[in-house]
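I opened the model to look up a few local features. My notes follow the coordinates.

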Amino acid sequence: MSYTRAVLALGSNLGARSDTLSAAVADIVDPPEVRLLAISPIVQTKAVGGPPDQPDFLNMVMTVETTLTPRELLRHCHAVEQKHLRVRDVRWGPRTLDVDIITYGELASSDPELTLPHPRAAQRAFVLFPWSLIDPAAELDGQRVGELAAKAPDFPDLIPFDGFDNLHPAVGASE
């Protein structure tokens with residue numbers, strides 16, 4: 001039984017975002033066929049694409065090793081999204097949880113259901129930057145993910161997440 005390394009990106013912009021991400025990590029590595037290698041820090045970002053005026057996302061990346069095939073891993077990730085009440089009404093719309101497979105070993109696939117590496121990952125700092133924090137030598141499209149992150153259009157909007165989801169008083173609020 002051989003394991004394949006996979007990079008997964010997780011995001012949430014509805015509900016208890018931080019709690020959802022933490023629970024999703026545990027759910028993803030719950031079966032013995034998926035073993036956790038690393039978890040990135042969480043970053044907060046504006047929504048990229050989709051309807052305007054969405055709440056900010058919390059995003060993170062995790063690396064795993066798995067004996068699941070790419071399609072089995074995709075089904076597993078979708079099941080975890082469903083457990084966290086993911087609704088797929090609007091493309092790139094608000095969601096409780098989004099889990100994307102960014103890479104699966106060295107596999108390249110143009111299958112519309114599971115394109116690998118993820119077709120937009122190389123332009124998304126919210127994926128690349130957290131990934132670079134857990135694997136600085138990682139490459140995508142022949143370039144280091146940290147270098148790609150710095151060039152991504154959404155890089156200036158990344159904010160380290162301090163762990164206090166919506167607990168800060170409004171700016172200028174009187175005490």
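Which residues of helix 3 are buried? I found Ala 125, Phe 126, Val 127, Leu 128, Pro 130, Trp 131 and Ser 132. Buried means under 20% relative accessible area, exposed over 50%, and partly exposed in between (1.4 Å probe, protein chains only). Helices (H or I, at least four residues) and strands (E, at least two) are DSSP runs, numbered from the N terminus.

This is a predicted model, in which local features need pLDDT of at least 70, side-chain atom pairs count only at pLDDT 80 or more, and totals for chains, interfaces and linings use all residues. Residues are numbered from 1 along each chain as its sequence is written, and side-chain values use heavy atoms, with hydrogens and water left out.

Helix 3 (residues 125–134) has seven of its 10 residues buried, so it is largely enclosed by the rest of the structure. I noted that its buried residues pack against several elements, including strand 1, strand 4 (57–66) and helix 4 (145–151).

Next I looked up Asn 13, in the loop between strand 1 (4–12) and helix 1 (17–28). Asn 13 is buried, at a relative accessible area of 2%. Its side chain reaches the backbone nitrogen of Arg 95 at 2.7 Å, and a polar atom of that side chain lies 3.1 Å from the backbone oxygen of Pro 55.

Last, I checked Tyr 3: the charged end of Arg 35 sits over its ring, 3.7 Å from the centre. The rule asks for NZ of Lys or CZ of Arg within 6 Å of the ring centre and within 35 degrees of the ring normal.

Technical notes
Polar contact = N/O pair within 3.5 Å; in protein donor to acceptor, adjacent residues only side chain to side chain. Contact = heavy atoms within 4.5 Å.
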